[in-house]
Amino acid sequence: MSQGPFRSAGIATVAIVGGGLIGGAWAAFFLSRGLAVRVHDPRPDAEVAIRPIIEQALADLAQLSSLPTIPPAALQFCAELEGAVGPADYVQENAPEVLELKQALLARIDEIAAADVLIGSSTSSLRATDLQRDCGHPERVLVAHPFNPPHLVPLVELVRGDKTASEAQEAAYAWFERLGKAPIRVAKEARGHVANRMSSALWREAVHIVAEGIASVEDVDRAIRFGPGLRWAVDGPHMLYHLGGGAGGMAAYLDHLGPAQEARWAELGAPALDGRTREMLVAGVADEAKGRTISTLAAARDRRLIAVLQALDETP
Ligand SMILES: NC(=O)c1ccc[n+]([C@@H]2O[C@H](COP(=O)([O-])OP(=O)(O)OC[C@H]3O[C@@H](n4cnc5c(N)ncnc54)[C@H](O)[C@@H]3O)[C@@H](O)[C@H]2O)c1
């Protein structure tokens with residue numbers, strides 16, 4: 001079985017397989033980096049549905065850096081999978097989160113793509129080991145998980161399955177870094193990878209706080225937005241606690257406040273998403289939205305994200 005080298009330098013053409021919310025944003029990101037993009041999605045209205053996503057994402061990206069001229073021919077829609085994957089130097093798969101569907105699709109992509117072409121899956125929660133099961137060249141199949149919205153948020157989590165070559169993960173890392181993304185290597189498969197596990201841990205407690213009547217949905221969101229969320233944009237949780245220890249750093253923090261952390265951990269909740277909790281959450285976000293539609297809220301989120309990225313001088 002070939003273990004590489006894998007194509008990561010000189011990539012000119014990217015296949016986007018599955019052109020929904022995530023595939024559309026990825027397509028825009030790759031176009032913004034001067035790459036040719038070939039999209040395959042079996043939906044009959046795929047092109048009509050994806051174009052506005054790509055156009056909006058490109059307009060967002062243009063606020064962060066000047067974009068190259070993107071000739072119309074740089075974006076191709078392919079009715080057949082072969083048309084998208086055959087000429088591709090890299091494949092990003094963004095089909096629905098259904099294991100059997102992705103296994104069959106990745107097996108077909110693997111048959112079509114040249115053996116040194118990396119195949120990244122956007123999956124939020126599936127294991128690369130399961131996804132690569134039916135592939136003839138599983139060594140180049142890995143998870144390349146973006147964070148929504150993928151064209152703006154720099155993080156890409158790179159996860160190897162049992163059969164993924166470490167060289168494939170390294171090649172993907174080098175390539176995403178060159179494109180201006182912030183990749184991380186996930187050393188061991190875990191449901192939700194790294195970032196979504198932490199998001200889920202935080203949201204579990206947020207739901208518990210609402211269900212227990214400790215604070216409203218809106219106040220929980222304000223507590224994060226105007227509190228720790230601001231710090232998390234500039235440093236991660238470990239580094240922040242290192243700074244919380246003063247001159248003695250993490251060791252001093254653990255001596256001083258470690259027991260308080262453990263006491264809080266012992267009291268954190270494990271809420272169920274039952275009918276009552278569901279009603280509280282749905283009504284709570286409706287109150288917080290104050291009549292604004294989802295698209296208005298998403299546009300406001302992206303405007304603020306762009307402002308934060310500009311402030312951090314990070315371009316995705
Ligand atoms: N939505 C998020 O916040 C988010 C974030 C990160 C990663 N992801 C992951 O990205 C992937 C796609 O999620 P999404 O939110 O874009 O879903 P989506 O429903 O918006 O898009 C999925 C697209 O895949 C297409 N599709 C269906 N069958 C296909 C096939 N056989 N071949 C190719 N395309 C096919 C559908 O027509 C649809 O357009 C999932 O694996 C999800 O876990 C989602």
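Mentor: A surface patch is made of residues with over 30% relative accessible area and no salt bridge, and like charges are joined within 9 Å. Keep in mind that this model is predicted.

Trainee: Which residues form the positive surface patch?

Mentor: Five arginines are named: Arg222, Arg225, Arg292, Arg303 and Arg304. Helix 8 (217-225) and helix 13 (294-312) are the elements that each give two or more residues to this positive patch.

Trainee: Where is Arg303 found, and is Arg303 buried or exposed?

Mentor: Arg303 lies in helix 13. Exposed means over 50% relative accessible area. Arg303 has 56%, so Arg303 counts as exposed.

Trainee: How many residues apart in sequence are Glu82 and Glu111, and what is their distance in space?

Mentor: The separation in sequence is 29 residues, while from C-alpha to C-alpha Glu82 and Glu111 are 9.6 Å apart.

Trainee: What does the radius of gyration say about the whole chain?

Mentor: The value is set against that of a compact globule. For 316 residues such a globule would have a radius of gyration near 20 Å; the chain has 21 Å, so the chain agrees with that rule. Along the principal axes, the C-alpha atoms fill a box of roughly 55 × 45 × 40 Å.

Trainee: How many helices and strands are in the chain, and what share of the residues is buried?

Mentor: The chain has 13 helices and 8 strands. Of its 316 residues, 41% are buried.

Conventions
Residues numbered from 1 in each chain as written. Predicted model: local features only at pLDDT ≥ 70, side-chain atom pairs only at ≥ 80, totals over all residues. Heavy atoms only, no water. Patch = residues over 30% accessible without salt bridge, like charges linked within 9 Å, V, L, I, M, F, W, Y side chains within 5 Å. Areas by Shrake-Rupley, 256 points an atom, 1.4 Å probe, with all protein chains shown as cover. Salt bridge = Lys/Arg side-chain N within 4 Å of Asp/Glu carboxyl O. Lys, Arg positive; Asp, Glu negative; His and termini not counted. Charge placed at Lys NZ, Arg CZ, Asp CG, Glu CD. Helix = DSSP H or I, 4+ residues; strand = E, 2+ residues; numbered from the N terminus. Buried < 20%, exposed > 50% of the residue type's maximum accessible area, 1.4 Å probe, protein only. Rg over C-alpha atoms; globule rule 2.2 N^0.38 Å.
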